[in-house]
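Subject: Structure for you to look at

Hello,

Here is the structure I said I would pass on. My notes on it follow below the model.

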There are 2 protein chains.
Amino acid sequence: MSSGEEGTPELSARLGYLFKHAALRLEELHREALAPYGIDGRELGVLIVLAGAESSSQHEVAQRVGSDRTTMVALLDVLERKGLVSRQPHPQDRRRNVVELTEHGRATVRDATRASDAAEKELLAPLSVPERKDLREALRRINE
Amino acid sequence: MSSGEEGTPELSARLGYLFKHAALRLEELHREALAPYGIDGRELGVLIVLAGAESSSQHEVAQRVGSDRTTMVALLDVLERKGLVSRQPHPQDRRRNVVELTEHGRATVRDATRASDAAEKELLAPLSVPERKDLREALRRINE
DNA sequence: CGCTGATCGTCAGTATTACTGACGATTGGA
DNA sequence: TCCAATCGTCAGTAATACTGACGATCAGCG
């Protein structure tokens with residue numbers, strides 16, 4: 001397996017291909033699972049961050065999600081229009097916005113996260129339960 | 001772990017987050033690893049497909065890569081301009097182009113694949129050797 | 001042989017996403 | 001009080017991949 005072979009490489013064995021296609025498939029499952037809640041996976045990510053750290057600035061939310069503050073503007077515009085989050089001026093620092101989940105937002109995170117869990121479970125269906133745990137753990141360690 | 005808990009979900013434990021960040025990190029490693037060859041990961045994918053199936057039509061290449069034929073046009077334009085692939089009219093079916101690796105293309109796939117292997121290895125560095133194999137195998141099974 | 005439907009490569013247009021760079025407003029420290 | 005830094009915002013840009021259409025070509029059927 002590791003002696004100096006020179007075999008034709010196979011695209012479907014490449015890590016990039018494997019990640020990309022797994023991510024695409026998960027995205028599709030999420031589209032179906034989250035449709036009843038009117039959000040997509042990216043938006044659920046923002047809601048999850050807010051559920052874990054109530055009342056953050058937009059900049060903080062962006063950092064936690066792993067995007068940047070300019071991307072967050074339009075994202076929060078949409079979530080605000082959907083009634084899932086609220087923006088209020090920070091009382092002590094008027095440069096900031098305090099971003100919080102609305103009541104509707106809290107209910108949506110709860111239910112949509114369950115739907116997302118189901119989507120993940122469906123993606124991982126070909127694996128045994130311990131294999132699923134190992135996969136998650138391996139990915140977690142790769143991402144430090 | 002599986003009793004009716006209602007804990008705050010953590011974004012970094014979500015599969016979508018894990019895949020996205022692993023893919024981003026790998027993309028970055030690939031950027032560095034492939035720079036000497038003047039190609040990116042997407043282009044290496046095309047070259048790898050061509051190395052495994054010499055003389056395909058553009059449509060076939062696109063299907064194997066998992067994109068569509070309109071995307072492939074510009075991609076092959078670039079690879080042709082770089083002297084890595086050649087396009088010739090199919091002798092029997094003049095609708096098709098026969099796409100083949102040039103000599104330079106063959107050498108590039110060989111060397112760039114090695115560089116890509118190194119990038120993958122670096123991404124998987126936190127895992128033991130059997131764990132790397134398990135991860136690949138799990139991803140392969142997820143993607144059918 | 002002549003039609004008809006399908007296929008191939010191409011291109012224009014569009015949508016999505018995320019970035020850079022700049023701006024005004026605001027803050028906090030020298 | 002002044003200056004550098006921060007925050008949210010927006011315009012512009014770049015990368016990517018899609019849809020829909022087009023002409024050229026092919027294959028099958030009558």
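**Surfaces near the DNA strands**

The surface near DNA strand C receives at least two residues from each of H4 of chain A, helix H3 (58-65) of chain B and H4 of chain B. Helices here are DSSP runs of H or I with at least four residues, strands are runs of E with at least two, and both are numbered from the N terminus. Before going on, note that this is a predicted model: local features need pLDDT of at least 70, side-chain atom pairs count only at pLDDT 80 or more, and totals for chains, interfaces and linings use all residues. Residues are numbered from 1 along each chain as its sequence is written, while chains are lettered from A and ligands numbered from 1 in the order in which they are written.

H4(B) provides the largest share of the surface near DNA strand C, with 3 residues. Around DNA strand C there are 17 residues, of which A:Arg94, B:Ser57, B:Gln58, B:His59 and B:Thr70 come nearest. A residue is near a strand if its C-beta atom, placed from the backbone, lies within 6 Å of it. By class, the surface near DNA strand C has 1 nonpolar, 8 polar and 8 charged residues. For these classes, Ala, Val, Leu, Ile, Met, Phe, Trp, Tyr, Cys and Pro count as nonpolar, Asp, Glu, Lys and Arg as charged, and the others, Gly among them, as polar.

DNA strand D is surrounded by 17 residues, and the closest are A:Ser57, A:Gln58, A:His59, A:Thr70 and B:Arg94. Helix H3 (58-65) and helix H4 (69-81) of chain A, together with helix H4 (69-81) of chain B, each supply at least two residues of the surface near DNA strand D. H4(A) gives the most to that surface, with 3 residues. The surface near DNA strand D divides into 1 nonpolar, 8 polar and 8 charged residues.

One residue of H4 in chain B is B:Thr71. B:Thr71 is exposed, with 12 other C-beta atoms within 10 Å. On this scale a residue is buried if 20 or more other C-beta atoms lie within 10 Å of its own, exposed if 12 or fewer, and partly exposed in between, with C-beta atoms placed from the backbone. B:Thr71 and B:Ala33 are 38 residues apart along the chain, and their C-alpha atoms are separated by 24 Å.

**The two protein chains**

The contact between the chains takes 39 residues from chain A and 39 residues from chain B. On the chain B side, helix H1 (15-34), helix H2 (41-52), helix H5 (103-123) and helix H6 (129-142) each supply at least two residues. H1(B) gives the most to this side, with 11 residues. By class, the side of chain B that touches chain A has 20 nonpolar, 10 polar and 9 charged residues. The copies meet through the same surface, because 100% of the interface residues of chain B are also interface residues in chain A. Two residues are in contact if their C-beta atoms, placed from the backbone, lie within 7 Å.

**Core and fold**

The largest nonpolar core has 68 residues, and those with the most contacts inside it are A:Leu47, A:Leu50, B:Leu47 and B:Leu50. Such a core is a set of buried Ala, Val, Leu, Ile, Met, Phe, Trp, Tyr and Cys residues joined through C-beta atoms within 7 Å. Leaving aside residues up to four places away in sequence, B:Leu47 touches B:Leu84, B:Leu101, B:Gly105, B:Thr108 and B:Val109.

Chain A has 6 helices and 2 strands. From the N terminus on, its elements run α-α-α-α-β-β-α-α. Along its principal axes, the C-alpha trace of chain A spans about 65 × 30 × 25 Å. Of the 144 residues in chain A, buried residues make up 32%.

A:Thr102 is found in the loop between strand S2 (97-101) and helix H5 (103-123) of chain A. A:Thr102 is partly exposed, with 15 other C-beta atoms within 10 Å.

Regards
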